[in-house]
Amino acid sequence: MSETLEKPNQNIEAGRRRISTRDMALIPLFSLLVGIGAMIRIPLPFSPVPLTLQTAMVFAAGLLLGSRRGALALLAYMVMGLLGLPVFTGGGGLHNLMLPSFGFIVGFIGTAWTAGRICELASGWVARQSRRGVAALAVRIVACLAGGAIYNVVGVLWLYMNVNYILGKAATFHQVLVMGLFPFLLPDLLKLAAVALVVSLIAERVKALDLFDA
């Protein structure tokens, strides 16, 4: 019995390691979707970090592509922007490395990986539930919450260092939290809940994008 269970698991992991033709299309597609989300932004007068739909696309990349492919999509997005493509909120180019909000872009890679990995690890548990759809939605919400914590930690730390040591403006950690975290908590919670729901609906219809259908 253990050999029977072990073999499918090995096949699943092997499949996740391979980069197929479909993946070669999906990874840059999600990189572009994150860039499009960055263009839909609302500037905030009290923060150098705008409100965008970028994080929604980041969550979707992790939930639909999985840990490895999701992280690759966000890494590709970051590289595209640094090479000059206008996919960042402030346009493309290496100057973005000096911007207060760039830490959130760095954190997006870990966000996509974390969200995808939680879904991958929970796939067996979801498959055993009688109400599979509800279980899948719950796992996706938890995955987004964990992933969101990653980019917020990296982004806030980067923001603190940037404001104090690059912009040369003395700011306490609490002031940085007011600029880069507190205003975004509720919008991010609404976005991640919406993304988890939409992804669940997509996964029901497109089994190839359902991490719980492996």
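This note goes through a helix pair and several salt bridges in a predicted model.

1. Helix H4 (residues 67–82) and helix H5 (residues 102–121) pack with their axes 7 Å apart and at an angle of about 165°. Because angles over 145 degrees count as roughly antiparallel, H4 and H5 are described as roughly antiparallel to each other, and their crossing is right-handed.

2. On the H4 side, the residues that meet H5 include Ala71, Leu74, Leu75 and Met78, while on the H5 side the residues that meet H4 include Phe102, Ile105, Ile109 and Trp113. The residues of this contact divide into 13 nonpolar, 3 polar and 3 charged.

3. Side chains of opposite charge can pair when their charged atoms come close. The structure holds 7 salt bridges, and one of them joins the side chains of Asp23 and Arg69 at 2.8 Å, N to O. This pair links distant parts of the chain, since Asp23 lies in helix H2 (residues 21–39) and Arg69 in helix H4, 46 residues apart. Asp23 counts as buried at 3% relative accessibility, and Arg69 counts as buried at 9%. Arg22, Asp23 and Arg69 are linked in a network of salt bridges.

4. In helix H5, Glu120 and Arg117 lie 3 residues apart, about one turn of the helix, and their side chains meet in a salt bridge (3.0 Å, N to O). Glu120 counts as buried at 7% relative accessibility, whereas Arg117 is partly exposed, with a relative accessible area of 24%.

5. The side chains of Glu204 and Arg205 also meet in a salt bridge (3.8 Å, N to O). Glu204 is partly exposed, with a relative accessible area of 49%, and Arg205 is exposed, with 63%.

Terms used:
Residues numbered from 1 in each chain as written. Predicted model: local features only at pLDDT ≥ 70, side-chain atom pairs only at ≥ 80, totals over all residues. Heavy atoms only, no water. Axes fitted to C-alpha atoms, helices over the stretch in contact; angles between N-to-C directions. Helix = DSSP H or I, 4+ residues; strand = E, 2+ residues; numbered from the N terminus. Parallel < 35°, antiparallel > 145°, perpendicular 65-115°, else oblique. Left-handed = near helix turned anticlockwise from the far one by under 90°. Contact = heavy atoms within 4.5 Å. Nonpolar A, V, L, I, M, F, W, Y, C, P; charged D, E, K, R; others polar. Salt bridge = Lys/Arg side-chain N within 4 Å of Asp/Glu carboxyl O. Buried < 20%, exposed > 50% of the residue type's maximum accessible area, 1.4 Å probe, protein only.
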